[in-house]
Amino acid sequence: MGIAGDLRPPRKYIQFSSKGTPFLHPYRNEFMRDRDNILYLNAFLRLSLKTQVVTFGKNDHTRNRMTHTLEVAQIARTMSRVLGLDEDLTEAIALGHDIGHTPFGHVGERTLNMLTNNCETASIGYNIPKNYRGFKHNLNGMRILVETKSKSFTNFTLFGIVNHSEMTWGENCKGWDGTDTCPTPTTSRRSCPNHGKTYVDFYDKYKKFYCVNGTDPAWSFEAYIVRWADEIAQRHHDIEDAIALNLININELFKRAEPIYMLYNSYETFWRENVPMNDDSNITHKWTMLNDSITEYTKQKLGKDIVIDRFVSFIVDSYVTYLTAIFTYLIKIFRNEYPFTTKTGIADSADFEEVYLQINPNHIKKIFLQFIERPWESGSLNYKAPACEAFEDMDVNLKKILMSVIINSGDVQRLDGKAGYIIRDIAKAYLTNPQQLPDNPIVEAFRATIASITSVQNENDALRLRKESLTKKAHLSKKESEEIEDIQHLIIKNDSKIDEFIEKTGLSTLDVSKIQSFEYRNALTAIRSDASFIPLLRVNVIRSVCNHIANMTDRYALEEHANLY
């Protein structure tokens, strides 16, 4: 068992997104169950028709979300096995990590985020309250799993899916000139309401599902293994896609790969100490094969496919070796030196279980993502082992090269621009006339609104009980008399909200089990003619439109755009 074999998530802290503990299979554990449940979701099946980088069938052999997801899963499992981590949890996180992604790749994600951050007032025609704003594919993936009524998922799998990417947006909303002038193409050049930052507050209500007892994050080393496997997969398939699209030639790429091999030579002792290798190193062997194949390819004695295969094999093996060595090194420091309150170091899984909730998950994140040796010590926050720092420099440079070659290429940018316009157009059409939506998004919007209305009813029931207990008293203090008066005002206010909703929608009941789809459509027709449109229902319609568009495949989005326009 590897260095982290006793640092797997303590099973006593496993909790499920639905109430209670689901019936478990006799020989499938909780994480295997998560993995299998993800595989059979429609949201997973749709990944095969969603863009990774290149959209609209530009080339049959470029990656889609499904092929990317499968590559992430096999890379992550390999790293977990070397380190001795939980392979089942790793695979569950990897298979579900992009389940909340949009059509057309990250441009779809960015467009939906701007739509739900009041950047598209022309399309939405309504100011969205802060607690309903934002879109991020990792957070949306968690939402999908939590709201899948027939399934229940563990908090550790949900944490991993959420944390495979950042949970907030950086400075993604600013004008092209760096000012606060709104860059949205469909608006006039007005002051940007979200200059420098956008919000994802809509997802705050789901945080409890990836925690232990609703408060402590259900963190794991496996979560950050998947995060790095995601990066590795992106590096190698960006290279293959760039070649397939003739954006870069093989000889040029070979030059870009040389620093990866030089890194191995420069810190060979470090890699061998932390991931024991044979004298005839796998990395050296694959580099030699790649070098020879480039020579043969130049002489037109070897096909491009073989060269690409060897190139990708070299890159993936190098990255996996480097990262597992770095993680081995850092985990040794963590388990021996972390300032536990009741233990000195971690000797076994029982020790880890005892101190698990005392560990700051942000420290683990910094260890795995920034290679900081002791992030819990302020004096050494910027310290990195030379090999760690050299690897990070190499990776950043390779990422920049691939960004400039493929992501920023004219072809990809034109496709991204087209994709953004399509999503904006679809959203505008739906929000101009929500009756164009299929039944499911309409039902979703109403049920979310009715849930809020029902909570108001429950609040009223509690208020009436409190009022009843006070009025039974023979003598009331001034404070108690004022409380009765305040309670009565709240009851009247809440009742008016409920009455308004029932009156405007024409629904005869708030029991969602008794309402048919056509009744929701009739209710939507009734309130659309009303200027006020019931604010709570309006914002839930916007969110359901966002969720519906995010669910779309590229093909469905293109067909729907053609149907609407």
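## Overall make-up

Helices (H or I, at least four residues) and strands (E, at least two) are DSSP runs, numbered from the N terminus. By that rule the protein chain has 22 helices and two strands. The model is predicted: local features need pLDDT of at least 70, side-chain atom pairs count only at pLDDT 80 or more, and totals for chains, interfaces and linings use all residues. Residues are numbered from 1 along each chain as its sequence is written, and side-chain values use heavy atoms, with hydrogens and water left out.

The protein chain has 565 residues, and 54% of them are buried. Buried means under 20% relative accessible area, exposed over 50%, and partly exposed in between (1.4 Å probe, protein chains only). The chain exposes about 25600 Å², with carbon and sulfur atoms supplying 50% of that area. Areas come from the Shrake-Rupley method with a 1.4 Å probe; for residues, only the protein chains shown count as cover. Contact means heavy atoms within 4.5 Å. Among contacts between residues at least 6 apart in sequence, 75% join residues at least 24 apart.

## Nonpolar cores

A nonpolar core is a set of buried Ala, Val, Leu, Ile, Met, Phe, Trp, Tyr and Cys residues joined through side-chain atoms within 4.5 Å. The largest one has 161 residues. Phe221, Phe327, Phe334 and Phe391 have the most contacts inside it. Helix H13 (residues 304-337) gives this core its largest share, 19 residues. Another core lies apart from it, with five residues, among them Leu463, Ile484, Ile487 and Ile491.

What does Phe334 contact beyond its neighbours within four places in sequence? The partners are Leu7, Phe221, Phe340, Ile346, Ile359, Ile364, Ile367 and Trp376.

Helix H16 runs over residues 386-407. At 1.5 Å a residue, its 22 residues should span 32 Å; the end C-alpha atoms are 30 Å apart, which agrees. The expected span is 1.5 Å times one less than the number of residues. Buried residues of H16 include Phe391, Glu392, Asp395, Leu398 and Leu402. An α-helix has 3.6 residues a turn, so residues three or four places apart point the same way. The buried residues of H16 pack against helix H9 (221-244), helix H10 (250-266), helix H11 (268-274), H13, helix H15 (361-370) and helix H17 (410-432).

Arg235 is found in helix H9. Is Arg235 buried or exposed? At 5% relative accessibility, Arg235 counts as buried. Leaving out residues up to four places away in sequence, Arg235 touches Tyr319, Asp395, Leu398, Lys399 and Leu402. Arg235 and Lys399 are 164 residues apart in sequence, yet 7.1 Å apart in space, C-alpha to C-alpha.

## Rings and charges

Rings of Phe, Tyr and Trp (its six-membered ring) pair if their centres lie within 6.5 Å; planes under 30 degrees apart count as stacked, over 60 as edge-to-face and the rest as tilted. The count comes to 36 aromatic pairs. Why is the pair of Phe254 and Trp287 stacked? Their ring centres are 5.1 Å apart and their planes are at 10°, so the pair is stacked. This pair links distant parts of the chain, 33 residues apart: Phe254 in helix H10 and Trp287 in helix H12 (residues 282-298). Phe254 is buried, at a relative accessible area of 16%. Trp287 is also buried, at 8%. Trp287 and Phe314 form a tilted pair, 5.1 Å centre to centre with 50° between the planes. Phe314 is in helix H13, 27 residues from Trp287. Both Trp287 and Phe314 are buried.

A charge sits over a ring if NZ of Lys or CZ of Arg is within 6 Å of the ring centre and within 35 degrees of the ring normal. Lys136 lies over the face of Trp169, 4.7 Å from the ring centre. The charged end of Arg543 sits over the ring of Phe202, 3.8 Å from its centre.

## Loop residues

Most residues other than glycine have a negative phi. Phe104 has a positive phi of about 65° although it is not a glycine. Phe104 lies in the loop between helix H4 (87-96) and H5, and is buried at 1% relative accessibility. Gln300 also has a positive phi, near 60°. Its place is the loop between H12 and H13. Gln300 is exposed, with a relative accessible area of 74%.

Asn117 lies in the loop between helix H5 (106-115) and helix H6 (121-124). Asn117 is buried, with a relative accessible area of 0%. Not counting residues up to four places away in sequence, Asn117 touches Arg133, Gly134, Asn194, Thr198 and Tyr199.
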